[in-house]
Amino acid sequence: MAESPVATLDATARGALAELLLSVADDEFVIGFWDSEWTGIAPMLEEDVATSSIAQDEIGHAKALYELLATLTDDDADRIAYGRDADAFRHAALLNHARGDWAFSVARRYLYETADAVRLVALERSADASLAALAGKMRREETYHLLHADAWLRRLSEGAPDGRERLAAAVTTLWPDAQEVFAPLAAEEELVRSGLLATPMRALHAEWQGRVTPILEPLAPDLPPLAPSIDGRTRRTDDFRWLQSEITTVYRSEEGALW
Amino acid sequence: MVTILASDAREQRIWAALADIADPEIPAISVVDLGVIGAVTVDDARVRVKLLPTFVGCPAIEVMRQQITERLSELNVADAVEVEVSFTPPWTSERITPAGRERLRLSGFAPPITTPAGIGAGLDELAVLPIAECPYCGSRNTTLENPFGPTLCRAIYHCADCRQPFEQMKRV
């Protein structure tokens with residue numbers, strides 16, 4: 001990247017930016033892989049294509065973010081993606097859950113896409129030119145994801161009772177962990193001070209919660225106004241450990257191989 | 001629209017060579033007409049090409065990078081060829097040239113919709129407009145079947161007049 005941040009940032013700011021990049025990259029990487037599990041078995045052909053395409057977008061975003069991170073920390077994008085232990089991942093707890101049924105995936109995608117949209121607006125205003133440019137490009141693609149998630153939320157909400165009940169149950173289950181997309185980062189003070197993160201996580205969280213709560217209200221009337229927690233990006237589950245083992249099978253089979 | 005200003009003969013030869021390289025996913029259109037060449041700079045030491053992905057996760061990017069490197073190396077205009085993938089400026093569907101739009105249409109792809117006068121005003125610049133013109137009969141009596149298609153950059157439509165399904169290159 002021509003706008004490589006390495007030259008202009010001091011060590012503290014570099015570390016802070018690395019933490020931010022890793023959290024966003026891991027979110028996109030993990031949701032991309034959960035969604036890719038629908039390839040071939042989605043409820044209808046159109047959704048097979050759509051979910052696969054969205055998953056490919058998310059993993060593509062993760063790749064670009066891991067590459068930025070690798071430039072910053074003098075590492076290798078593939079090693080970051082595939083060579084870490086499960087405990088070193090920093091995705092939000094929302095993405096710890098197995099894909100569940102279709103309603104569960106729709107609920108999670110809606111919660112994630114709306115949170116991601118709020119976050120991307122802030123990242124697009126980052127003082128780091130590379131991250132700002134990438135976020136701007138990602139936002140153009142995420143517009144399609146957001147529409148897709150919104151259409152499915154409405155479709156299941158307004159459809160037969162079975163789908164509506166499953167969706168409502170999934171939203172209620174996922175609601176606490178969804179807050180964690182905005183979990184405070186260790187280096188957040190530095191990120192905000194240096195303008196690398198244009199808006200603090202708590203402000204982004206308030207904006208997101210204020211936006212989605214009224215939309216979800218008719219479906220899940222008693223969603224509590226929860227706050228993100230300090231370990232929102234470090235808790236890991238057996239579901240995720242299983243997924244991480246699956247997606248690193250090839251990498252681990254011949255470590256250091258060039259593809 | 002991409003304006004090509006070739007400052008010297010060397011640069012002209014580079015742009016001409018790039019115009020020979022087809023998009024790996026839609027071979028009817030060249031990388032120049034697709035608008036993915038952001039900039040070309042050249043001196044005796046190296047040719048630098050800025051490549052703008054249509055979608056961040058586009059798997060064709062590496063193929064394009066290789067083809068551009070190989071083709072420009074053959075020209076022998078500088079010692080080295082460097083292809084840099086960049087999101088500055090972001091590729092948008094407005095970067096496809098008029099010739100490129102026509103080539104898409106001729107090969108059965110509806111070009112991305114440009115913001116129609118009066119309709120786009122007041123909408124978010126990124127608002128998705130589910131409008132496409134059938135590349136076979138020209139009708140606008142078409143329906144968006146799926147905003148996601150066989151590649152990241154394509155959506156699927158159906159024409160109610162000639163009853164033909166077709167793909168559109170997405171507006172981003």
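Predicted model: local features only at pLDDT ≥ 70, side-chain atom pairs only at ≥ 80, totals over all residues.
Helices here are DSSP runs of H or I with at least four residues, numbered from the N terminus.

Next, turn to helix 4 of chain A, residues 102–123, whose packing against two other helices can be followed here. Two packed helices are described by the angle between their axes and the distance between the axes. Sorted by class, the contact between helix 4 and helix 5 of chain A has 15 nonpolar, one polar and six charged residues.

The other partner is helix 8 of chain A, residues 201–216. Here the axes of helix 4 and helix 8 of chain A come within 10 Å, and the crossing angle is roughly 140 degrees. That angle makes helix 4 of chain A oblique to helix 8 of chain A. Helix 4 of chain A passes helix 8 of chain A in a right-handed crossing. On the helix 4 side, the contact is made by Thr114(A), Ala115(A), Val118(A), Arg119(A) and Ala122(A). Facing them from helix 8 of chain A are Leu204(A), Glu207(A), Trp208(A), Arg211(A) and Val212(A). If you wonder about the spacing of such residues, an α-helix has 3.6 residues a turn, so residues three or four places apart point the same way. By class, this contact of helix 4 with helix 8 of chain A has six nonpolar, one polar and three charged residues.

Now let us cross to chain B. How many residues of chain B are in contact with chain A? There are 17 on the chain B side, and they meet 26 residues of chain A. The chain B side of this meeting divides into 10 nonpolar, five polar and two charged residues.

Chain B itself has four helices and seven strands, and along the sequence they follow the pattern α-α-β-β-α-β-α-β-β-β-β. Of its 172 residues, 37% count as buried. Among contacts in chain B between residues at least 6 apart in sequence, 57% join residues at least 24 apart.

Chain B has a helix pair to look at as well. Helix 1 of chain B (residues 9–18) and helix 3 of chain B (residues 61–75) have axes that come within 10 Å and cross at roughly 140 degrees. Helix 1 of chain B is therefore oblique to helix 3 of chain B, and their crossing is right-handed. Arg13(B), Ile14(B), Ala17(B) and Leu18(B) of helix 1 meet Ile68(B), Arg71(B), Leu72(B) and Leu75(B) of helix 3. Divided by class, the residues of this contact are six nonpolar, no polar and two charged.

Is Asp33(B) buried or exposed? Asp33(B) sits in helix 2 of chain B, residues 31–34, and counts as buried because it has 23 C-beta neighbours inside 10 Å. Leaving aside residues up to four places away in sequence, Asp33(B) touches Ile96(B), Thr97(B), Ala99(B), Gly100(B) and Arg103(B). Asp33(B) and Pro112(B) are 79 residues apart in sequence and 13 Å apart in space, C-alpha to C-alpha.

We finish with some backbone details in the loops of chain B. In the loop between helix 3 and strand 3 lies Asn76(B), which has a positive phi of about 55 degrees although it is not a glycine. Asn76(B) counts as exposed, with 8 C-beta neighbours inside 10 Å. Arg163(B) has a positive phi of about 55 degrees and is not a glycine either. Its place is the loop between strand 6 (154–159) and strand 7 (165–169) of chain B, and Arg163(B) is exposed, with 10 other C-beta atoms within 10 Å. Lastly, the peptide bond from Thr88(B) to Pro89(B) is cis, with omega near -5 degrees. Pro89(B) belongs to the loop between strand 3 (80–85) and helix 4 (98–106) of chain B.

Conventions. Residues numbered from 1 in each chain as written. Chains lettered and ligands numbered in written order. Axes fitted to C-alpha atoms, helices over the stretch in contact; angles between N-to-C directions. Parallel < 35°, antiparallel > 145°, perpendicular 65-115°, else oblique. Left-handed = near helix turned anticlockwise from the far one by under 90°. Contact = placed C-beta atoms within 7 Å. Nonpolar A, V, L, I, M, F, W, Y, C, P; charged D, E, K, R; others polar. Buried ≥ 20, exposed ≤ 12 C-beta atoms within 10 Å, placed from the backbone.
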